[in-house]
Amino acid sequence: MLTAPEDNFVKIYERSLREHWDLEAISDWGSDNTLTYGQMAAQIWKLQRLFHHCGVKTDDRIAVMGKNNCNWVTVYLAAVTYGAIIVPILQDFKAEDALHIINHSGSKLLFITDLIYEGMTLDQMEEVRVVYSLTNFNVLATDIKEKKDVSWAWAGKEYDKKFPHGMQKEDLVFKPRKNSEIASINYTSGTTGFSKGVMTPCNALAGHIKFFFTTGLVYPGCRHVAFLPLAHAYGCAVDFLGCLAAGGHTYFIGRTPAPKILIKAFQEVKPTLILSVPLILEKIYKQQIAPQIAKPPVSWVLKVPYLDEMVLAKIRQQLMDVFGGEFAQIIIGGAPLNAEVERFLQRIKFPMTVGYGMTECAPLISWTEYPNSKPGSCGRVLEGLMEAKIVKPNAEGVGEVLVRGEHVMKGYYRNDAATKETFTKDGWLKTGDLGMIDEDGFLFMKGRNKTMLLGPSGQNIYPEEIESKLNNLPYIGESIVLQHEDHLVALVYPDYTAVDQNHLNQEDLLAAMEENRKVLNQQLAAYEQVTKIKLYPHEFEKTPKRSIKRFLYTQMAGD
């Protein structure tokens, strides 16, 4: 447990708000809405006054659901520094799933995007007293029977009475809160179809901030573009909590992060650090870089020593410019990065690293800064904060990854059975992931324990590795490798942009897939051979981390 005064989670933000009072803190990119640290503190005060007015007590839950924006952030900070527990809900959840989370968590207040709330009613919520708009804090619904004004305007009047000349940094005082207390309940959105409420203590979040400070990932004046959903632990920890703890400026993307929008934002903001999921870099590589280096003049030059360095340096600079040109590195998380893409980025010395984590660890478990990480690894386990070990390793050293340390959750909310199943008797968290740790302490991931398949003679087959190879082949948009009886089948959603550009008909596409299958199998062991590629008409349904929800497709191998 982190016990030093400077590591207290609530005091970190009290200190940062005071020290950076006049600096710009948060902005809704594409609009003129920007708040300084002082203005954010004033908004937090008003929200906390509303919490008290609505009868919210210590450890009560406050839910927030909507796309990234400044109001989302101030609700989160107001809740955790008030002594309440924030319940972030991913905006992509369906209404029935969101309602289940709201009710399961027993949330007393709900802050939600107006459009999302149109699919719900207050009557469906068991304990919610007031529903507020995440757009402007207007009251969308209330069941408070007393003649009580719970509007944002009321909070503004209270603020004016308390601070007739405006709030000063000396006025900001958050009540003490121990690092052992629960800060948030994050409901998982994994690929197994079962959502659980992860109880994250203040200590886990403080551990992340300590790590960010130590590594220099965040610092006063750093700039982040937050396009990953804040309701997910990855984006929340770094782009929001880390950046604002240091006195940085975060720009929130509140719309669908299409490549065109992201590139524009990167080039305007010029972020100093970028968080991404693999899909972003993989799309850029497949759509822009791979065709460029496949052309005969370029492909020939890339085989000539010295000449290849000139071409690669040009490609590197083009890619750096796409992301704004001023970032120290891009950190990839949420899912494995395609091996071919990673090898090429390392060849051109592109500042990119891969980390490993999970919601149950808020999320970081391992990461090593560029350029010190090993190719194909997720870096080293965070020194002084986390530990990891491999249990029941096979002949290659691959087994389930178990972890423990400062970042680990308290357990699953109102689910003692799942909590007991997830922890060993001596306190190690079972990640459910398969990996190995080499002699230098670098962690290499192989896949999910639940997705590992067994070959005809009991060999371990990691479908993610096969999919990574398959996804590099022509006309493949995305894929899932499934097992049917004693053979493997690949379910493929085609890259219809490439199909249309090359004027392929259905017969041509099927022939191309059969050729892909043969090329793929040349790269695989005998027990990993794919016997059939089946076309799927739509993109696969995914979690907000862009991981395919495999459980939805496991029965399709034999169709």
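1. L307 is partly exposed, at 36% relative accessible area. The class runs between two limits: buried is under 20%, exposed is over 50%, with a 1.4 Å probe and protein chains only. L307 belongs to helix α12, residues 307–322. Helices here are DSSP runs of H or I with at least four residues, strands are runs of E with at least two, and both are numbered from the N terminus. Together, W300, L307 and M310 make a nonpolar surface patch of about 360 Å². The patch rule takes residues with over 30% relative accessible area and no salt bridge, and joins nonpolar side chains (Val, Leu, Ile, Met, Phe, Trp, Tyr) within 5 Å and like charges within 9 Å. A salt bridge would be a Lys or Arg side-chain nitrogen within 4 Å of an Asp or Glu carboxyl oxygen. Areas are Shrake-Rupley values with a 1.4 Å probe, and for residues only the protein chains shown count as cover.

2. **What you are looking at.** This is a predicted model, in which local features need pLDDT of at least 70 and side-chain atom pairs count only at pLDDT 80 or more, while totals for chains, interfaces and linings use all residues. Residues are numbered from 1 along each chain as its sequence is written, and side-chain values use heavy atoms, with hydrogens and water left out.

3. **The nonpolar cores.** The largest nonpolar core holds 92 residues, and F9 and F111 touch the most other members. Helix α3, residues 70–82, gives the largest share of this core, ten residues. A second, separate core has 70 residues, among them C243, I274, V277 and F327. A core here is a set of buried Ala, Val, Leu, Ile, Met, Phe, Trp, Tyr and Cys residues joined through side-chain atoms within 4.5 Å.

4. **Around F9.** Residues up to four places away in sequence are set aside here. F9 then touches V80, N179, A183, C202, L205, A206, I209 and L241. Contact means heavy atoms within 4.5 Å.

5. **Helix α6.** Residues 152–162 form α6, and its buried residues are W152, W154, A155, G156, E158 and Y159. They pack against α2, residues 37–53.

6. **S27 and H249.** S27 sits in strand β1, residues 24–28. With a relative accessible area of 4%, S27 is buried. Its side chain makes a polar contact of 2.7 Å with the side chain of H249. For such a contact, two N or O atoms lie within 3.5 Å; within protein, one must be able to donate a hydrogen and the other to accept it, and residues adjacent in sequence count only if both atoms are side-chain atoms. Beyond four places in sequence, S27 is in contact with N33, T34, C70, H249, T250, Y251 and F252.

7. **D438 and K374.** D438 is in the loop between β20 (429–437) and β21 (443–448). The side chains of D438 and K374 are joined by a polar contact of 2.8 Å. Outside four places in sequence, D438 is in contact with K374 and F444.

8. **N516 and P474.** N516 lies in helix α17, residues 506–522. Its relative accessibility is 4%, so N516 counts as buried. A polar atom of the N516 side chain lies 2.7 Å from the backbone oxygen of P474. With residues up to four places away left out, N516 touches L473, P474, I476 and I533.

9. **Positive phi.** Most residues other than glycine have a negative phi, and most peptide bonds are trans. Two residues are worth checking by eye. Y475 is not a glycine, yet has a positive phi of about 70 degrees. Y475 falls in the loop between α15 (463–470) and β24 (476–484). At 18% relative accessibility, Y475 is buried. R414, also not a glycine, has a positive phi near 55 degrees. R414 is in the loop between β19 (411–412) and α14 (416–422). R414 is exposed, with a relative accessible area of 57%.

10. **Cis peptide bonds.** A362 and P363 are joined by a cis peptide bond, with omega about 0 degrees. P363 is placed in the loop between β15 (356–357) and β16 (364–366). Y370 and P371 are likewise joined by a cis bond, with omega about 5 degrees. P371 lies in the loop between β16 and β17 (386–391).
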